[in-house]
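Open the structure in your viewer and keep the selection tool ready. The tour goes from one selection to the next.

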Amino acid sequence: MVFDELSFTTNIQEKERLIHELAQHPQETLGEAMRALGSLPKSRWKVAAQVIRAIGYPHNAAALPLLMGHISDPNWPGWGEVVKTLEEMGPEVVVPYILLDFWQRDRVQYWDQHIESICSMLSQVERTFALQCGPALAHLLGRDDLPPDRDLDRSFLLDVLEKIGPDCAEYAMPVLVDFIGKEGNSSSGMQALRLVQSFDKEILERYQYVLAPLLKKMESGGETSE
Amino acid sequence: MIENLLRESASLQDTEARSQMIHEIAKHASKEIIGELILILQDTQSPLIPVALEVLEIIGYPKNASAIPAILWYIDNGTSPLFEKALQILVAMGPAALPNIVHLAQENEAMDALVINALSKVGYYVFVQLQEEAEFITERVLQALATHPEESLEMLLYVLSNPIKVWWEEAVKIVSAIGYPQNAPAIPLLVAHACLGNDLAEKEAIQSLVALGPKIVVPYLLEALWDEGQTSKYLSIKPEDIVWLLLDSALGPEYLIPCGSMVSDILLRIPPTQPAFRRKFLQVLERIGPQCAIYALPALLNILRQERGSDLGVQIRKLIATFDQEALEPYMQILQDSSEQGISNGV
């Protein structure tokens, strides 16, 4: 009930005051906020997320799985608030849940869309999140059994690796060269190539003979040189 | 006309007069005359073959280059003394003739087979027979090859890429003696010979790779792993051959560690039906130890799903248990989830 009222309150100051007040009593409020966020109508989601955020970690820890489920669609009301809440919980708390979702393809509804959204979140939040998710993300990018590009746009995954930058070179290089080889001159292929080219000289020299034919292939417009 | 002159010189009893006449014929040898000499060599029953070979020897390289196929034929098929004479002509041509011989081999299959056979016989003669009887000649041949890399390297590549086994050990030594960066085109073949197994050149090849050092060699090892035996550049050796090299040879951790990420990537793609290969690749990660956690953990957890309760699963769990807590923390939910499914007991 209180969430219905809050979601229609136009007085911002009053709204903030009420949210703050609700957050002072997490034991009574958290369950209700979670119910509001986990069910329709959508109009309550944003304010429910604001309350959960205001409660703060560790008091709002029970909401973590629900918040993870709520990042599946950046268009949902309260998505930005959920992302901020997760960011404030910190990578050491949230990253294990993110990696679990990478793993649970068969247990997460609309998994491909969910992964894209997680990547959008990782591109926005503090870099430590991306750093800790990097190896698992690179592993995901290298999997042969991923949904097709139209369902899971690889550029979302690459955006996160770009955010990590040269620090991902050691673990991402084999996956990226394989990806470039398969993608050729597509926009994702070019994005992966730009990322590789940003890596340190030492690692580029190590992979020089693997990269050389790929670069040649891309320069010739994707036609195989073999 | 040349036949008459050859016949006349062959009939001369006075060796000095005979030699003078042969020199005279060689001195005035035109393209046409060389062509006629080759025709004589092609008639294997001709009594003029020994004298024709003598003339060709004096004509010298590169003027007698067109006779190389015929000379190779006599090395491959000739018996003493024609074999020795043909070999003598070839040796006298020197390293400069080697690129020419390789190009001939590339012309067609028949010529390729002839070159392989002839070089095998040359190798046996120089490295086995002469080594026992006249080691200094062998040494001279090796030195000549090592000091003319621009001419000899192409043939060394050819020798190391073909079943001319009697040459392999020496060829690797020469490649090594040529030194880096001149010998760079031969490094893929050194890698291949280092892991072919039962290869005469194996020990030499490994020593050469050690001498080159990890900075030069590791990029080739990665390329060979990546190539997966699909091209002839590395003589179609498989990633498991490279893994054997990394694990069982004198190549130290400075070669092994930089290959870890690629090994982990390939391990993931080995089907469960090949547990022996999976185990071998896993050994590389075990050898690297906790340092491999950052790139290997996702792959290991993935394989663990397929290897519930198997020996390999146990082996993976043991490896994961050695990883630092910091590396494991991001995967805690997965490990817990796996544990609930009975996958990761002991991690």
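Predicted model: local features only at pLDDT ≥ 70, side-chain atom pairs only at ≥ 80, totals over all residues.

Helices (H or I, at least four residues) and strands (E, at least two) are DSSP runs, numbered from the N terminus. Residues are numbered from 1 along each chain as its sequence is written, chains are lettered from A, and side-chain values use heavy atoms, without hydrogens and water.

Select Lys318(B), in helix 20 (residues 311-321) of chain B. Lys318(B) is exposed, at 59% relative accessibility (buried means under 20% relative accessible area, exposed over 50%, partly exposed in between; 1.4 Å probe, protein chains only).

Next, select Lys121(B) and Asp76(B), whose side chains form a salt bridge at 3.1 Å, N to O (a side-chain nitrogen of Lys or Arg within 4 Å of a carboxyl oxygen of Asp or Glu). The pair joins helix 8 (residues 109-133) and helix 5 (residues 68-77) of chain B, 45 residues apart. Asp76(B) is buried at 13%, while Lys121(B) is partly exposed at 35%.

Go on to Arg269(B) and Glu228(B), another salt bridge, with the closest N and O atoms 3.1 Å apart. Arg269(B) is partly exposed at 36%, and Glu228(B) is partly exposed at 25%.

Move to chain A and select Glu205(A) and Lys201(A), a salt bridge of 3.7 Å, N to O. Both lie in helix 13 (residues 201-206) of chain A, four residues apart, so about one helical turn separates them.
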